Amino acid sequence: MEQYLFHQFRSIPENYETSRLFHAHEFWQVDFIYEGAGCLLVSEKNEIVRYDFQSGSTVIIPPGLEHCFDYCNKSSAWLSVKFSASGNIGGVMILPAEKMLEYTAAILAEALSPHTMSRSASLSIVNAALSVAFNRFMLELKEQKSHTSEFVRKVKEFVYSQQGRDVRVSDVGDFMQCTGKHAALRFHSETGTSLKKFLDETRADFAARLLLTSSKSLNALARQLEFRDVYAFSRFFKRVTGKTLSEYRNHKPYSC
């Protein structure tokens with residue numbers, strides 16, 4: 001699970017000379033670029049590799065990677081969040097502007113700004129948002145490795161964007177402008193997994209993350225995830241994961 005460590009809201013004026021001091025750290029880093037453009041320089045196998053980014057980009061850097069930023073003397077502003085996580089994306093990844101990451105950055109900025117919210121509530125929101133961002137990068141890596149078709153990629157992005165709410169096969173068909181049956185047949189032929197199974201497992205995974213990171217009641221979570229009631233939520237979760245809601249929530253791998 002992703003756990004917040006610390007963050008920085010940073011900005012530099014135009015014509016500011018940034019230092020090209022290469023460094024590495026033991027934690028993950030994700031930067032949401034609000035304004036400006038530049039490049040990330042990474043030392044890989046005794047050579048320097050350049051990764052360009054611009055306003056709206058999201059940059060993730062894994063632990064142990066020698067790197068430095070160059071903002072090309074342009075006025076820039078960004079949010080940098082450091083966190084711990086399991087898994088490996090294999091190197092630097094930069095994603096262009098997209099709504100899911102834009103919303104994630106907005107949620108993080110709000111939760112990390114001084115206000116009346118308790119620290120435990122703020123941490124729960126921050127960790128949940130980091131999970132969304134990290135999963136988005138892991139999805140991108142998986143798609144790059146498997147060369148998934150544009151059809152499957154769009155289906156998955158649509159389902160993930162619903163954040164655990166009720167998505168049916170017919171909804172996917174509507175989104176892809178085809179029948180639900182056609183969407184299900186094509187998804188299965190290209191992935192080897194039934195669309196219904198993917199929908200259920202994705203919803204259950206999001207529910208599991210909420211159980212670990214949110215202090216909301218089970219009734220409140222059931223409403224958020226668009227279940228008829230907590231009993232329907234419980235039956236669904238038990239069927240997909242093999243565990244009850246209480247069993248899962250009461251055995252947290254970490255404390256929020």
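Throughout these legends, buried means under 20% relative accessible area, exposed means over 50%, and partly exposed lies in between (1.4 Å probe, protein chains only). The model is predicted, so local features need pLDDT of at least 70 and side-chain atom pairs count only at pLDDT 80 or more, while totals for chains, interfaces and linings use all residues. Residues are numbered from 1 along each chain as its sequence is written, and side-chain values use heavy atoms, with hydrogens and water left out.

**View 1. Here is the open sheet of five strands, in the order β1-β7-β2-β5-β8 with antiparallel pairing.** Because β1 (3–12) and β8 (93–95) stand at the edges with a single partner strand each, one side of each is left without a neighbour in the sheet. From one strand to the next, the twist averages 15°. Strands are DSSP runs (E, at least two residues) and helices likewise (H or I, at least four), numbered from the N terminus; two strands pair if DSSP finds at least two bridges between them.

**View 2. Strands β2 (residues 28–35) and β7 (residues 76–84) are joined by seven bridges in the antiparallel sense.** Look for E35, whose bridge partner in β7 is A77.

**View 3. I107 sits in helix α1.** With 38% relative accessibility, I107 counts as partly exposed.

**View 4. V49 belongs to strand β4 (residues 47–54).** V49 is partly exposed, its relative accessible area being 24%. Beyond its neighbours within four places in sequence, V49 is in contact with L40, L41, V42 and E44, where contact means heavy atoms within 4.5 Å. C39 is ten residues from V49 in sequence, and their C-alpha atoms are 9.9 Å apart.

How values were computed. Axes are lines fitted to C-alpha atoms, for helices over the stretch in contact, and angles run from 0 to 180 degrees between N-to-C directions.
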